[in-house]
Amino acid sequence: MESDTGFHMTPDEFRQRGREVVDWIADYYERVESLPVLSRAKPGEIRASLPESAPQDGEPFDAMLQDVEKLILPGITHWQSPNFFAYFPSNNSFPSILGDLLSSGLGVQGMLWATSPACTELETHVLDWLVEMVGLPEKFSSRGAGGGVIQDTASSSSLCAMLAARERATNYVSNERGCDGRLVVYASSQVHSWIQKAATIAGIGRANVRHVDVDERFAMRPDALAAQIERDRKAGLVPFFVCASVGTTSSNAIDPVRAIGEICREQGIWLHIDAAMSGTAALCPEFRWIHDGVELADSYCFNPHKWMFTNFDCDCFYVADRAALIKTLSVLPEYLRNKATESGAVFDYRDWHIPLGRRFRALKLWFVIRHYGVNGLRHHVRRHVELAQQFASWVREDKNFELAAPAPLNLVCFRHRGGDAVNQAIMDRLNQSGDLYLTHTRLNDRLTLRMSIGQTQTELRHVERAWSRIKEEAAASAPSLGSA
Ligand SMILES: Cc1ncc(COP(=O)(O)O)c(C=O)c1O
């Protein structure tokens, strides 16, 4: 019904409904463990339950919240369940949710420093904190020639790294005239699929992506990289970008960054490091070896929205030379001109990524870091790694199973010795049961199960139960290969 405020929700109603929503979320976290982890919705089922057309007249809030429960929840795969062991985590925390809510409340669009100085300056500051927190070299901090920015995903920030590298390699000519088909990028055969998309979007072409051989640990072989670069140079091509993965998606392999970096230095090639999930481990000094050689990199990214208790989206992207990135991406139309930009004294983050507009994502990251403190974050990361190592030891001790790759951190790749069909059956049965959710990869052309441990609420009892359910389904899917 129309009132003095038109059709808007009043502040008083917002207060009341806001409390209800926060209660709903808190209740959700208390019960999420009991919900089937993988949604059982059939294709089209959720849409079919929704009205054909939008309502002509506004509806009461109660009805909306009830429909979330009734219509939406069945179509949710519960990423925040402690029994979610699929893909890589996309974990979360209450301080993060509250920070995000404040960001929504402020409704800031932070494309320019001038459009909300706090949005830019808090981001710059928190990203500088993180340089120290995960032991990145000082050159990535904004105090020198570098700096960090929050992007939506590792795919986007890695694309930006490739674009800046392309411009550096072509002396900013390809931005004007396009590419000539001679530029070549390199990554291991295990690199995440973002590189294919990025090469397409950046005009490099998929045929110019070299997938370098890996060793028995699925990490890039520097000798194979050097040989490929040499072959390409002899063929008149222009190697310009190497991506080293610190924690591949498939098996969490850690590429030898130092050896790769030395080749890049020698060859004048941009080195980007994709540490999307595993970068968070470097909060703990004992895992910081994953960053050995990172000072040789030109750019680096990791996703607090994977393992650092910060809700999606939040990727932290760093460059050693921000001028190269800004020169690559900056376009200044008249309507964005302003005194602060012209003074040269501020960052305008619109020049650091693809979109113009941007949310105030630094708030949630700031809340997470302040709530947990470095020690709190370390505690939980260590706990996840311990749980994964515990799980790996059970696999190692069981005659029916084997580890399929080293498990340096919180991902365990394993398989039943009965072959692909058995592993597929185990996974399907587990996922259909709703008790837990795990996904697979192929390593050495064999189907491999991945146990990825990083959900905020995952404890020993969840991992113990997962292992016992895995063994149960293995017993139902395959004859035992001997006693454990
Ligand atoms: C190593 C690695 N790089 C990149 C990505 C892509 O992440 P995003 O969704 O942030 O683009 C992933 C996703 O799991 C990943 O594991």
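First, the ground rules. This is a predicted model, where local features need pLDDT of at least 70, side-chain atom pairs count only at pLDDT 80 or more, and totals for chains, interfaces and linings use all residues. Residues are numbered from 1 along each chain as its sequence is written, and side-chain values use heavy atoms, with hydrogens and water left out.

Let's start with the seven-stranded sheet. It is open, with mixed pairing, in the order β1-β7-β6-β5-β4-β2-β3. Strands here are DSSP runs of E, at least two residues; helices are runs of H or I, at least four residues; both are numbered from the N terminus. Two strands pair if DSSP finds at least two bridges between them. Which strands stand at the edges? They are β1, residues 147-151, and β3, residues 209-212. Each has a single partner strand, so one side of each lacks a neighbour in the sheet. On average, neighbouring strands are turned by 20° against each other, direction ignored. Axes are lines fitted to C-alpha atoms, for helices over the stretch in contact, and angles run from 0 to 180 degrees between N-to-C directions.

Zoom in on one pair. Strands β6, at 299-302, and β7, at 315-319, run antiparallel and are joined by four bridges. Cys301 stands opposite Phe317 of β7.

Now the helices on this sheet. α6, residues 154-169, lies across β1, β2, β4, β5, β6 and β7. Its direction is at about 155° to β4. α10, residues 257-267, touches β4 and β5, and makes about 155° with β5. Contact means heavy atoms within 4.5 Å.

On to the ligand. There are 13 residues around it, and Ala154, Ser155, Thr249, Asp274 and Asn303 come nearest. A residue counts as near if one of its heavy atoms lies within 4 Å. Ser155 places a polar side-chain atom 2.5 Å from a ligand oxygen. For Asp274, a side-chain N or O atom is 2.6 Å from a ligand nitrogen. The cut-off for a polar contact is a pair of N or O atoms within 3.5 Å; within protein, one must be able to donate a hydrogen and the other to accept it, and residues adjacent in sequence count only if both atoms are side-chain atoms.

How much of the ligand does the protein bury? The figure is 87% of the 390 Å² that the ligand exposes when taken alone. Areas come from Shrake-Rupley with a 1.4 Å probe. α6 and α11, at 304-307, are the elements giving two or more residues to the shell.

Four strands, open, antiparallel, in the order β8-β9-β11-β10. β8 (401-403) and β10 (439-443) are the edge strands, pairing on one side only. Neighbours here are turned by 40° on average, direction ignored. β8 pairs with β9, residues 411-416, over three bridges. Phe401 has His416 as its bridge partner in β9. Helix α14, at 362-397, packs on this sheet, touching β8, β9 and β11, at about 20° to β9. α16, at 460-477, lies across β8, β9 and β11 too, at about 130° to β8.

Last, the backbone. Most residues other than glycine have a negative phi, and most peptide bonds are trans. Phe312 and Asp313 are joined by a cis peptide bond, omega about 5°. Asp313 sits in the loop between α11 and β7. Tyr87, not a glycine, has a positive phi of about 40°. Tyr87 lies in the loop between α3 and α4.
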